[in-house]
Amino acid sequence: MFLEALKGQNRNRPPVWLMRQAGRYMPSYQKLRAKHSLRDLFFTPELAAEITLMPIEQLGVDAAILFSDITVVALPLGMSLDFNEGPVIQGSLKRESIEVLEPIAKTIRMIKAQTKVPLIGFCGGPYTVARYMGGDPALLEPITEATLEYIRMQEAAGVDAIQIFDSWAGEMADFPSYTPYLQRLIQSARVPVIVFMRGSCRYVDELVKLHPTAISFDSERPLHELRPKVPMAVQGNLDPDLLYQPLPIIRQKTRELLDSMGSDPGFIVNLGHGVKKDVSFEAVKCLVDTVKFQ
Ligand code: CP3
């Protein structure tokens, strides 16, 4: 269903998955997190695979997304990576082999052996990754090159699609001059590519020209208003704060989104940004169930 929607050929209900669907709002994740560092969770294939599969088992979403982080690409760039409140990247550029990310390829193979649900791999957009490395524009080129290799590695390991998370790119003063970096990532992909950016509704024309398989929109504008401008699949775009509301409101707003998109064959239900850490599991389940069972 998810892969059909990416092609714009879905004849069933729209598929649903959520950015950051495996995470701290889940008691089962908290349990593992209490025992292991984030670094260990991301780089121990058995643990990362187990976490990736939690939303498949507990929510019944229509796609899995690899449990990892956009900042892991710091490692093939020779920098150190740690997690405090957020990612902490240190050191200077020194190309290393992409093989340092082999545990992630192994994670992908383990997940593929355990589920038939499509698996989304991902990478950060160069601008967003550069921001976590201090923001020097000279980083864009090496980040792009390492990311191209990393995408290739994920594809070889078996991901069914790639999502590019360029959360912060929309805030750039001159977004159009940046798009060649995104374009290289999109063009190189051999599996369908989804582009996510906050503020994507302000750059629809630029993004459409890059020909991704799908564009993921944040919650700034109603999706049905943007739809006519997008000749490919669209993903989104419920407000992540909706998950703090009582269940009847979650049901109502989700139904409103579904109704507004009709039987669109290229529509994937998601949030406008990731699931927040302190929402209730029941709220997330309610959203998913509303899409699946109306
Ligand atoms: O969607 C998924 O479930 C896959 C997992 C995933 C993570 N990070 C796990 C994570 C994905 C797709 C990301 C992407 C990511 N990481 C982005 C782009 C999307 C976005 O949210 O804007 C960015 C900017 C990052 C960088 C990052 N990583 C930040 C800012 C933080 C700290 C804030 C936070 O959300 O926790 C992280 C840490 C991180 N990434 C955790 C996880 C599960 C830590 C959670 C924990 O402490 O247990």
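Helices (H or I, at least four residues) and strands (E, at least two) are DSSP runs, numbered from the N terminus. This is a predicted model, in which local features need pLDDT of at least 70, side-chain atom pairs count only at pLDDT 80 or more, and totals for chains, interfaces and linings use all residues. Residues are numbered from 1 along each chain as its sequence is written, and side-chain values use heavy atoms, with hydrogens and water left out.

**Overall fold**

- The protein chain has 12 helices and 9 strands.
- The radius of gyration of the protein chain, taken over C-alpha atoms, is 18 Å, close to the 19 Å from the globule rule (2.2 Å times the number of residues to the power 0.38) for 294 residues, so the chain is as compact as a globular protein of that length.
- Taken along the principal axes, the box filled by the C-alpha atoms of the protein chain is roughly 50 × 45 × 30 Å.

**Ligand surroundings**

**Polar atoms at the ligand**

- With N or O atoms paired within 3.5 Å as polar contacts, a polar side-chain atom of serine 167 lies 2.6 Å from an oxygen atom of the ligand, and a polar side-chain atom of histidine 273 lies 2.7 Å from an oxygen atom of the ligand.
- A polar backbone atom of glutamine 21 is 3.3 Å from an oxygen atom of the ligand.

**Backbone details**

- Arginine 20, in the loop between helix H1 (2–6) and H2, has a phi near 60 degrees, a positive value in a residue other than glycine.
- The peptide bond from glycine 236 to asparagine 237 is cis, with omega near -15 degrees, and asparagine 237 has its place in strand S8 (residues 233–238).
- Most residues other than glycine have a negative phi, and most peptide bonds are trans.

Methods: Polar contact = N/O pair within 3.5 Å; in protein donor to acceptor, adjacent residues only side chain to side chain.
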